[in-house]
Amino acid sequence: MKSLFYTLFIVCLSFPVFSQEEEEVIVEEEETEEEMPIHQREIGFDLNFSASNFGGTAGLGLKLGFNIQDQFIAGPSIRFQESWSNGIGINGAKGVKSSFAIYGGGAFIHARLLNYFFVGAEVEFLSTPFQNGYLMAQRVWVPTALVGGGFSRAFTPNFRLNAGVMYDVINNINSPFRQGYFMKRANGTYIPVMYRIAFFFPI
């Protein structure tokens, strides 16, 4: 009989210990969930460069992205690029070298799929002095709307690479992206398709 009471006494003492351990585990799990960020910000940039005997362009685009449910990223963007011409002057005369800056901003949204692919859209309004094939003294604002996709991979927690092909839906005649088109139709006109490589870093 004494052994029975002794056994019950030991079991009763054990319950508070087990309960305390379980509560500590639950508290630790809750604290871990609270430390996980809901929305992660990223900064990205893309470089573009093209050159020929007629001229060229080199530019930089910056993006501030906000992750949504770890699959979508969206945010504002700004762009600056320098272009030059080896044969077009302000008055249209050939043989006159010139250069001009292009700048503007907009917004973008990308969907990341399986950490290997992305599809997205990028809309920007860019200020340029390039009008109808000539450099003019007065600048104009040109809308651009790129849609496309390609490869997207986070190689480390602090670095992601995007490499894809974008189609300029608007294809404005004054678009500064026209120098980057690389596909031609049978009649010799260019298809508004360009390469786009971008790098993203969490902040």
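1. Ser152 is buried, with a relative accessible area of 0%, where buried means under 20%, exposed over 50% and partly exposed in between, with a 1.4 Å probe and protein chains only. This is a predicted model, in which local features need pLDDT of at least 70 and side-chain atom pairs count only at pLDDT 80 or more, while totals for chains, interfaces and linings use all residues. Residues are numbered from 1 along each chain as its sequence is written, and side-chain values use heavy atoms, with hydrogens and water left out.

2. Ser152 lies in strand S6, a strand being a DSSP run of E with at least two residues, numbered from the N terminus. The side chain of Ser152 makes a polar contact of 2.8 Å with that of Arg160 and another of 2.8 Å with that of Asn162; such a contact is a pair of N or O atoms within 3.5 Å, of which, within protein, one must be able to donate a hydrogen and the other to accept it, and residues adjacent in sequence count only if both atoms are side-chain atoms.

3. Phe155 is also found in strand S6, but Phe155 is partly exposed, with a relative accessible area of 49%.

4. Turning to strand pairing, which requires that DSSP finds at least two bridges between two strands, S7 (residues 159-168) runs antiparallel to S10 and is joined to S10 by eight bridges. Within this region, Leu161 stands opposite Phe199 in S10.

5. Strand S1 (residues 41-52) likewise pairs with S10 (residues 193-202) in the antiparallel sense, over five bridges, and Gly44 has Phe200 of S10 as its bridge partner.

Conventions: Helix = DSSP H or I, 4+ residues; strand = E, 2+ residues; numbered from the N terminus.
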